[in-house]
Amino acid sequence: VRYVYAFGEGGRDQADLLGGKGANLAEMTRLGLPVPPGFIVTTEACRAFLATGGEPPGLSRDVSDHLATLERSAGRQLGQRDDPLLVSVRSGARHSMPGMMETILDVGLNDDSVLGLAKSAGDERFAWDSYRRLVQMFGCTVMGVDGALFEQALDDLKRDVGAADDLGLNAADLAGLVETYKELIRRETGESFPQSPAEQLQRAVLAVFQSWNGERARLYRRREHIPDDLGTAVTVQTMVFGNLGPDSGSGVAFTRDPATGRSGVYGDYLANAQGEDVVSGIRNTVPLDELARIAPEAYEQLRRHMATLEAHYRDLCDIEFTVERGRLWMLQTRVGKRTAEAAFTIASALTDEGLVTAGEALDRVHGDQLARLMFPRFDASAVGEPLAHGVPASPGAAVGAAVFDSAEAVRRASAGEKVVLVREETTPDDLPGMVAAQAILTSRGGKTSHAAVVARGMGTVCVCGAEELTVDVRRRRFTVGGTTVEEGTVVSVDGSAGAVYPGAVPLVDSAVVRYFETGERPDALVDAVARAMEHADGVRRLGVRANADTPEDAARARRFGAEGIGLCRTEHMFLGDRRRLVEAMILAGGDAERDRALEALLPLQRRDFGGILEAMDGLPVTIRLLDPPLHEFLPDRTELAVRVARAEARGGPPDEHDVRLLDAVNRMHEENPMLGLRGVRLGLVAPGLVAMQVRAIAEAVVERRRAGGDPRAEIMVPLIDTVEELRLVREEVDRVLADVSAESGMPVDCPVGTMIELPRAALTAGLIAEEAEFFSFGTNDLTQTTWGFSRDDVEAAFFSAYLDKGVFTVSPFETIDRKGVGRLVEIAVAEGRAARPGLQMGVCGEHGGDPESVHFFHAVGLDYVSCSPYRVPVARLEAGRAAL
Ligand code: ADP
Ligand code: MG
Ligand code: MG
């Protein structure tokens, strides 16, 4: 195997092997852009290293060969005594994980080459500063010394010499600091800082490999659903220096605004700084335009390269660059992360510019982004004076209690509280709190600061650089003007406007939701969403229905584009006042008493169904017969028992109804209701229940038809294990349908189908299809019964541990487990269709609205997905994307 590729040998389609950063550096090199030369160690080498814990054989030879080539073309050697070649050793995986792994700069400096660097740069202070940075980074990352010890040593030195900041330290101070650092390393590790440039390089590469499994990186991957077994590539690249004086600097640029998608040049620049300084927010950056004044030639070149990259990638690119004494170097590019708003706006703009087709534009937006745009925003008429303004770094509206550190954010959030994390600036250590927070608010840093980048990636609301805020982490409060906001005080953060308000500002519907409701397209964003939806609807093969139990939900779903109801649950129709009737039915002493209770329920059910059929007139409405165990409609067992016991203790006779109820509740108690008397089982043993429901449906159909409507009810039987169950229920269903047809003189024949939500049903789908006119996959129950765990019991108990340990990267209740549950679906689809060609098949579990799962359902050939009304647009969009 070959473990190393020169920049000239790779390209952007090799991100799996070279990591995104490496592959794109190779691509830029091939495009002829000014990239400091280098080479890339593959992800394969990383995987081999992580698997064995040792350096894979052949790696060090490959690295030294490529280093030799690099040295030859540079005409100087790594860490040589005069004018040394120095390199950075950079992490970079398939998926961008900004700041989550390690990068080591200035590798090759030692006690000799630092003098050579001082001479060639003509700047002693710079050389010693670079050296002390290397010793510090190497000490932490490679040798495992606590970073705080270095910070402490630096602070001590500043105090001793009376320097206000790093810039107040001169060359001699920094040379002394290097000695202190080296001594510190010896003390902490018993080992010296390695003087051999080759050893530095080799160990740095392995340390970057190791950083793949660092805590931050693992947490980030879990959050972003990135698999744990990909590994990182390592890019070794010639150093260039942005910290060589006022005509040097570093910056970040975007070819379009990553927050709004508007075209134009966006970015931040920091003079006399290394790249790390730009994102760390330690000094405030200037807008990129200023570079035009500071280094006009470099700026012009950068503009040209940005145009080249955007035309080449046909997408928003983000770029890291460095200017060394007026000369521009490109250090990184990638198709940039963006907000949901920007994703739609850019896709639409690129279509207009003729850079991408409508299909490609659709491919570049995601259902999760659409879902985000459907979140409510602050009510413009209710917002008062903002407390402060900052940079609108990641849009959306969030309300929560201000907290001042990551741990507190996590603590409160896991107790169910909504929090806003307030910091001066964030570092990768704040990640757990950032994940837990509704919004992130910082007083420093721009659109490219750590807080901004991470928040945009997660879709979390963020306002950064709110400079009026004084954040006092120690006293757990911030002040702005005369106002002090203590920890726990509720604030509202508007990430679209970049504003912070006191208290909880009320929320209103988003413009995108209004578009779905009314068709209005007030601005470019809504127009972009509309265009994506139109294209998706034009190409998708999957139908989209909604899960809705009320006429209001049905009507909303229809406005959102639902083409019917895939799941109308009837259980809520048994709650409220109707509990009394259900109780009567359960407690009935004889047939007559029970029939009376059912008769009382009948007209109520008929009305329920009538309303829904009316709202979905002309479209299919799949009504599921009662599914949950009957005891769910009875009072709580303990409460009842207490009531009866109290009455007895008082000496009086307990309420007779209570006694009967308690008796029934005890009789019906189940250890494991999920696997108990429910679904079709209930229908087969509770006399009259199915007949009543079917009659209500059939009569509602007759009424709707008489009223001139076009009702399309379908009857769905839940929790079938075997075709025998379905055959028995069908007999009763058919009898009732025949009765109602005869009584009304109007033939009522509703299709009768079943849920496939138990493994046995999936495995015998061929037999079941003989009796079923349609299948609907109930993937919630199917997931529970296939995995053998119940959602309510396990999510809190061990899912986070499972996600941590990588048992799965995403909850199988969120995204369909293709290998297991999905396999059952595939079997049932194939056998069902073989037994009954043209069998209608859909899915009504929550997976029906999950983007990833929609693609699976498209691929296995279902006819439709059904999901909650608000997910309907998401499912339409993803069904379209799946068909591309
Ligand atoms: P991350 O993935 O965390 O952004 P990078 O590998 O991009 O890490 O490195 C962090 C910073 O170090 C970059 O912003 C870049 O500016 C700087 N850097 C990396 N390599 C070089 C180099 N060869 N010359 C100058 N600066 C570099
Ligand atoms: Mg970078
Ligand atoms: Mg179910």
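In which loop is Glu571 found? In this predicted model, where local features need pLDDT of at least 70, side-chain atom pairs count only at pLDDT 80 or more and totals for chains, interfaces and linings use all residues, Glu571 is located in the loop between β25 (565–568) and α22. Residues are numbered from 1 along each chain as its sequence is written, while chains are lettered from A and ligands numbered from 1 in the order in which they are written.

The protein has 35 helices and 31 strands, these being DSSP runs (helices H or I, at least four residues; strands E, at least two) numbered from the N terminus. Its C-alpha atoms fill a box of roughly 105 × 65 × 55 Å, taken along the principal axes. Of the 884 residues, 50% are buried; a residue is buried if 20 or more other C-beta atoms, placed from the backbone, lie within 10 Å of its own, exposed if 12 or fewer, and partly exposed in between. Contacts are pairs of residues whose C-beta atoms, placed from the backbone, lie within 7 Å. Among contacts between residues at least 6 apart in sequence, 68% join residues at least 24 apart.

The domain assignment, which comes from an automatic or database source, gives domain 1 (44–238), domain 2 (249–258 + 261–338), domain 3 (377–508) and domain 4 (540–629 + 670–882). The C-alpha centres of domain 1 and domain 4 are 59 Å apart, and four residues of domain 1 are in contact with five residues of domain 4. On the domain 1 side, the touching residues comprise one nonpolar, one polar and two charged. In this classification Ala, Val, Leu, Ile, Met, Phe, Trp, Tyr, Cys and Pro count as nonpolar, Asp, Glu, Lys and Arg as charged, and the others, Gly among them, as polar.

Helix α12 (residues 296–313) has 18 residues and reaches 26 Å from its first C-alpha to its last, close to the 26 Å expected at 1.5 Å a residue, the expected span being 1.5 Å times one less than the number of residues. Its buried residues are Ala298, Tyr299, Leu302, His305, Met306, Leu309 and Glu310. They cover an arc of only 135° around the axis, which puts them on the same side of α12; the arc is that of the directions from the helix axis to the C-beta atoms. On the other side, Pro296, Glu297, Arg304, Ala307 and Ala311 are exposed. The buried residues of α12 pack against β6 (249–256), β7 (263–271), α11 (291–294), β9 (317–324) and β10 (327–335). Arg314, which follows α12, has a positive phi near 50°.

In helix α22 (residues 579–587), Val582, Met585 and Ile586 are buried. The buried residues of α22 fall within an arc of 95° when seen down the axis, so they line one face of the helix. They pack against α23 (591–615) and α25 (656–668). In the loop between β25 and α22, Glu571 is partly exposed, with 13 other C-beta atoms within 10 Å. Leaving aside residues up to four places away in sequence, Glu571 touches Leu626, Asp627 and Pro628. Glu571 and Glu632 are 61 residues apart in sequence and 9.7 Å apart in space, C-alpha to C-alpha.

Methods. Two residues are in contact if their C-beta atoms, placed from the backbone, lie within 7 Å.
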